[in-house]
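Hi,

Here is the structure I promised to send over. Have a look at it first, and then read on for what turned up.

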Amino acid sequence: MTEAKLPGKENFSEWYHELLKSGEIIDVRYPVKGMCVWYPFGFALRRNVYDLMRELLDPDHQETQFPLLIPETEFMKEAEHIKGFEDEVYWVTHGGTSPLDIKLALRPTSETAIYPIFKLWVRSHADLPLKIYQIVNTFRYETKHTRPLIRLREITSFKEAHTVHASWEEAAEQVEAALTIYAEFYRRLAIPFLFARRPSWDKFPGSDYSIALDTVMPDGRTLQIGTAHLLGTNFATTYGITFENEAGEQEFANQTCYGVSERCIAALISVHGDDRGLVLPWSVAPVQVVIVPILFKDKERTLEVSREIKAKLAEAGTRVAIDESDERPGAKFYKWEMKGVPIRIEIGPRDIEKGVAVLARRDGKKLTVPLDGLLSSIQAEAADLTEAMLTKAQAFLASKVKDCETVEEAREQTAAGVARVGWCGSEECGHWIEDEVGAAVLGEPWRSAEKHERSCIVCGAKTERCALLARQY
Ligand code: 5CA
Ligand code: ZN
């Protein structure tokens, strides 16, 4: 038995890379930088995560799909947008050996593919609101250090939603609706996060404002795991998206867009995983329950009962596996722990005599439960386990965020966490903070109730405003 041991989670970077491999999530050996391969197990996890996303979006959005290639003529229309993405675009310049008349961009995101068509789809106020999304691959020629699932050049699982509204206020409400959907998405994944309104210099190119969700990784650096942007009429003006209002006049439409990528899976792995491997929430685990028959005497009977349990659980909609291999129970436990299976059932001849089974949760809790009513025991433990995972992750995040009064304190805090400091909101003070502290301004907390008097850490002005600072992935 070769038990490749994981490095401890305190060596986060090594631990993360080793776990992507041992957990069979991502194979990084594809010979193009920033482009990775999903192992089938990783892809099953991805499918469950994106099924959850679809479940949350579908009641109020329609799924669609636009082309990957965008003509240069459309791509180059929105000045701010071009500035933001120009350096990151891959271009298709040839068809076979013939140069193309008009170069084609591989979408880095799809505003410039979708909005020329929105111009055709939106005619009158009766067409609004329009809310669509697609889950596609996008390409960004990232120049910063690439990392699997975190900073890719091919983002394979880009969920982007695009909406069109009659007024700015309605669009702003849609941004809030999007944030509420993302909050629920991450609650079900037991991943806590902070909402921040990005500073003006870090908002989405072509937006009025951007709200981001940041989670805290094990090493205290933050990862942006979703963003919602209020586009106002900026793109509508460029692409001529107008509608006839109730008074019969033409008006520019207001828009939003919001996105999540496979970073949500990077967060899932990083936030919950431990020294023994993946720890997956029940909602998305490819295998939710594994049955390990303890085979020493009465093998046939033990297997028979185990298979009956499996059939029952499967019938109830549980994703269940049974490990009938010849390995020692210990080796089997190790293998399925690495895969993050939330609940393991151990059952041997003595248990069968007594009409019980041992139920072992991925967080280490073990209990003996009657075979009668096994399904409801499993469901109760699964729900409790998800809560326990969320509580633990929330406590970790809370321990990583601290109010700081001085630049020195903020510098120390952001070495392995998030600092909250008074900030008057001026760009000048913001840039000074970034330079002096050596961390990014994530922005002002959004939807946060607590407000109290502070003073700007730079200019000393009295203010209720504050900034979250962190080193970012
Ligand atoms: N059109 C908008 C909304 S979909 C947009 O492109 N927003 S974005 O640039 O902020 O990207 C959406 C999300 O994708 C980000 O919040 C981040 O979580 C993720 N993301 C961005 N770049 C990468 C990358 N290179 N690799 C993996 N994920 C990324
Ligand atoms: Zn200031």
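**The zinc site**

Four cysteines hold the zinc ion (ligand 2): Cys424, Cys429, Cys456 and Cys459 each coordinate through SG, at 2.3 to 2.4 Å. Do keep in mind that this is a predicted model. The angles among the 4 donor atoms run from 103 to 113°, and the site of the zinc ion (ligand 2) comes out as tetrahedral. Along the chain, the donors of this zinc ion are spaced as C-x4-C-x26-C-x2-C. As for Cys429, it counts as buried because its relative accessibility is 8%, under the 20% cut-off.

**Strand S25**

Next, have a look at strand S25, residues 466-470. It is largely enclosed by the rest of the structure, because 5 of its 5 residues are buried. In a regular strand, side chains alternate between the two faces of the sheet. Here, Cys466, Leu468 and Ala470 point one way from S25, while Ala467 and Leu469 point the other way, and all are buried.

Which strands pair with S25? One is S21 (residues 418-422), which runs antiparallel to S25 and is joined to it by 4 bridges; there, Val421 has Ala467 as its bridge partner. Another is S22 (residues 440-445), also antiparallel to S25, with 3 bridges between them. In that pairing, Ala440 is bridged to Ala470 of S25.

**Pocket and cavity**

Rolling a probe the size of a water molecule over the atoms shows where empty space is left. The second largest pocket has a volume of about 340 Å³. It is lined by 19 residues, and Lys9, Val271, His272, Gly273 and Lys392 are the closest to its centre. Strand S10 (209-216), helix H8 (263-272) and helix H12 (374-399) each contribute at least two residues to that lining, with H12 giving the largest share at 6 residues. By class, the lining of this pocket splits into 10 nonpolar, 4 polar and 5 charged residues.

How many cavities of 30 Å³ or more does the whole structure have? The search finds 1. The largest cavity holds about 40 Å³ of space, and its lining is made up of Ile26, Cys36, Trp38, Leu149, Leu152, Thr156 and Glu262. Of the residues lining this cavity, 5 are nonpolar, 1 is polar and 1 is charged.

Cheers

Note on methods: Residues are numbered from 1 along each chain as its sequence is written. Chains are lettered from A and ligands numbered from 1 in the order in which they are written. This is a predicted model: local features need pLDDT of at least 70, side-chain atom pairs count only at pLDDT 80 or more; totals for chains, interfaces and linings use all residues. Side-chain values use heavy atoms; hydrogens and water are left out. Donors are N, O and S atoms within 2.8 Å of the metal (3.2 Å for Na, K and Ca); water is not among the atoms, so sites may look incomplete. Four donors count as tetrahedral if all angles lie between 85 and 135 degrees; four count as square planar and six as octahedral if opposite donors are over 155 degrees apart and all others between 65 and 115; anything else is irregular. Buried means under 20% relative accessible area, exposed over 50%, partly exposed in between (1.4 Å probe, protein chains only). Two strands pair if DSSP finds at least two bridges between them. On a 1 Å grid over the protein atoms alone, a cavity is a set of points where a 1.4 Å probe fits but cannot get out, and a pocket is an open set with protein on both sides within 12 Å along at least five of seven lines; lining residues have an atom within 4 Å of a point. Grid points are joined across faces, edges and corners, and a volume is the space filled by probe spheres set on the points. Ala, Val, Leu, Ile, Met, Phe, Trp, Tyr, Cys and Pro count as nonpolar, Asp, Glu, Lys and Arg as charged, and the others, Gly among them, as polar.
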